[in-house]
Amino acid sequence: MARIGSPAELEELRKGILATRDPSKRCITLCSGSACLACGCKEVAAALDEEIARRGLGGEVEVRRTGCHGFCERGPIIVIHPDETCYLQIKPEDVPEIVEKTVGGGGLVERLLYEDPATGEKIAHEAEIPFYRYQKRLVFGGNGSIDPKSIHDYLAQGGYSALAKALTGMTPEGVLEEVKAANLRGRGGGGFPAGTKWEGSRKAPGEPKYVIVNADEGDPGAYMDRSLLEGNPHCVLEGLAIGGYAVGAQEGYIYVRQEYPLAVENVHLAIRTAEEHGLLGKNILGSGFDFTVKVHQGAGAFVCGESTALMTALEGRVGEPRPKYIRSNIKGLWDRPSVLNNVETWANVPLIINGGAEKFTQLGTAGSKGTKIFSLVGKITNTGLVEVPMGMPLRDIIFKIGGGIPGGKKFKAVQTGGPSGGCIPEHLLDLPVGFDELAEAGSMMGSGGMIVMDEETCMVDVARYFTAFLTDESCGKCVPCREGLKQMLKVLTRITEGRGRDGDIELLQTLSETATEGALCALGKTGPNPFLSTLHYFRQEYEAHIRERRCPALACKELIAFYIDPEKCQACGSCRRKCPSEAITGAKNLIHIVDQEKCTKCGTCIEACPPRFAAVRKLSGEPVPPPVPEDQRTIERKSKREKEQS
């Protein structure tokens, strides 16, 4: 491949690529992100190739393996263009019917379409499925349509046009001003204005300067950055190169988790092909700008997502944070000016340069512009990655896109911002999502994790869980984090185990203040957030655990018991047969009882009991009724005639 020497040659290549593509030709895009790979998309791809070859349709149909489509709950997913017919949870054995009916005949395979759980309506087109309908997929949209291993796919969609525009039509200061005017705030943590950070590095003395992609995504349940790197690595590289030009950096680094093998593979390939095309390396597009990118694979420590810890790890040392007496954009990697933003932040940059700051700021709230990708998980019907305009209310994300809470249960809270974020209760469901709005509610944007909780979630246990995670991930360098979080975990654990004491809440508050004020980095400073937010909105649950030895959500194992209501038990034996600890006794026509000494409180019995009986109950804060006496356990059943007569 000859290097592209100018924007005109780039445009000529783009036109050449488009000229070889027939927009009316059938194209099957198959989601091949990590989630769909785990669900068998590789086998589906093989079946598609085989079936199309068998029918001699190779010249008429293209199969394109793309990145994550977002609707991970229903993978593997295929979308057949140009109609955008969407099939969910595809298996290899479904492929012949899909090819015969839809690819060959234009018909539909009804059983593979999305079915609206509320109306039962079958929906054929991807854009009309509620999960997608309410989204604004500006950054993430390319994932579902391009092959991440093909630079031509990215170029066909206008890829690298923003880089060409910046290098040949704008000064570095002009790029900087555009990003500042767009008010792009960092998508990976506290929402610091990217343009301000870039400007600080540009003006800082010292050479060389660096730009860095933070792809050390360690939040439980969050995988936005991984999916972007896997599915559209060129958009991140393009944003990084533009940033390098604006800042005055000629070297860029991508710090990515070792556990993201597909992302590592695709980004390495993207760098190599971009260099071959002259879009990275020396004299990019004939502009005289040199820019190279290297990939560093991290060992997967959560604290390495913190900027100074990440830079320390990049330097080849143990990834630990250091004091920020001087900001890292002034004195960062190897004590040189270094701009660090996360994957999503860099991926927004081409949009801003191509469309302009004015267009970018048309979406969002007063302080938060553009869109944000969230990882929507937990007790929610539709889990996956969603991109929405800043300012969309939580209610719309959870109920319109997420489909609400499954099983008819009630919404209780949503945790945003990752393990250091906070829990937002039901009465704040209409809160518009933005950096400042979430912070005012006691939470944070973080990288975009959004965990939905239902009425059966214990908020004290939630605080314990996230504190345990942060305690494990603390690097141990500073005392407030190392010892403070450990002590908080001890207190929270004993509360959830029914051993809470008067004064525990106040002790937790004191430890929280100490960690917030004294910890070295954001992990320790924000570590108390899960406790503080749950205490603020759910204080009564803490008090019930400590004073009444009761878990209101019936979730904490040490505070609950399982009991079979003798009035409802029909002696069907379902619970007894499935009890793994053989704690249930009973027989045909004999009321079942739970041996509390043997019961491990796994909950299998309550799941096994047929809903029409609903005989198994959870108890908390009250004594378990004594077992029914042996001579009263027999169930007297009426004959069919007696039932008819009664």
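Which order do the strands of the open sheet of 4 strands have? I looked this up before anything else. The order is S9-S8-S7-S10, with parallel pairing. Strands pair here if DSSP finds at least two bridges between them. Strands (E, at least two residues) and helices (H or I, at least four residues) are DSSP runs, numbered from the N terminus.

Notes on the source. The model is predicted, so I kept in mind that local features need pLDDT of at least 70 and side-chain atom pairs count only at pLDDT 80 or more, while totals for chains, interfaces and linings use all residues. Residues are numbered from 1 along each chain as its sequence is written, and side-chain values use heavy atoms, with hydrogens and water left out.

**Entry: the open sheet**

I then took the pair of strand S8 (residues 251–257) and S9: they run parallel and are joined by 7 bridges. In this region I found Val256 opposite Gln297 in S9. Helix H14 (residues 343–355) packs on the sheet and touches strand S7 (210–215) and S10. The direction of H14 makes about 95° with that of S10. Contact means heavy atoms within 4.5 Å.

**Entry: H10 and H11**

How do helix H10 (residues 224–231) and helix H11 (residues 233–247) pack? I read an angle of about 100°, with the axes 5 Å apart. The two helices are therefore roughly perpendicular to each other. Axes are lines fitted to C-alpha atoms, for helices over the stretch in contact, and angles run from 0 to 180 degrees between N-to-C directions. Angles under 35 degrees count as roughly parallel, over 145 as roughly antiparallel, 65 to 115 as roughly perpendicular and the rest as oblique. On the H10 side I listed Leu228, Leu229, Glu230 and Gly231, which meet Pro233, Cys235 and Val236 in H11.

**Entry: the hairpin of S17 and S18**

I followed strand S17 (residues 584–587), which pairs with S18 in the antiparallel sense over 3 bridges. Ile584 stands opposite Val594 in S18. There are 2 residues between the strands of this hairpin, and Asn589 takes a positive phi near 65°. Strand S18 (residues 590–594) is mostly covered, with 5 of its 5 residues buried. Buried means under 20% relative accessible area, exposed over 50%, and partly exposed in between (1.4 Å probe, protein chains only).

**Entry: cysteines**

How many disulfides are there? The count is 0, where a disulfide is a pair of cysteine sulfur atoms within 2.5 Å. For Cys31, the nearest cysteine sulfur is that of Cys36, 3.4 Å away. Cys31 counts as buried at 3% relative accessibility. For Cys605, I noted the sulfur of Cys599 as nearest, at 6.1 Å. Cys605 counts as buried at 8%.

**Entry: backbone**

I noted a cis peptide bond from Gly75 to Pro76, with omega near -10°. Pro76 lies in the loop between strand S2 (61–66) and strand S3 (78–81). Another cis peptide bond joins His81 and Pro82, with omega about 5°. I also noted Leu554, with a positive phi near 55°, in the loop between helix H22 (529–547) and strand S16 (561–564). Leu554 is partly exposed, at 27% relative accessible area.
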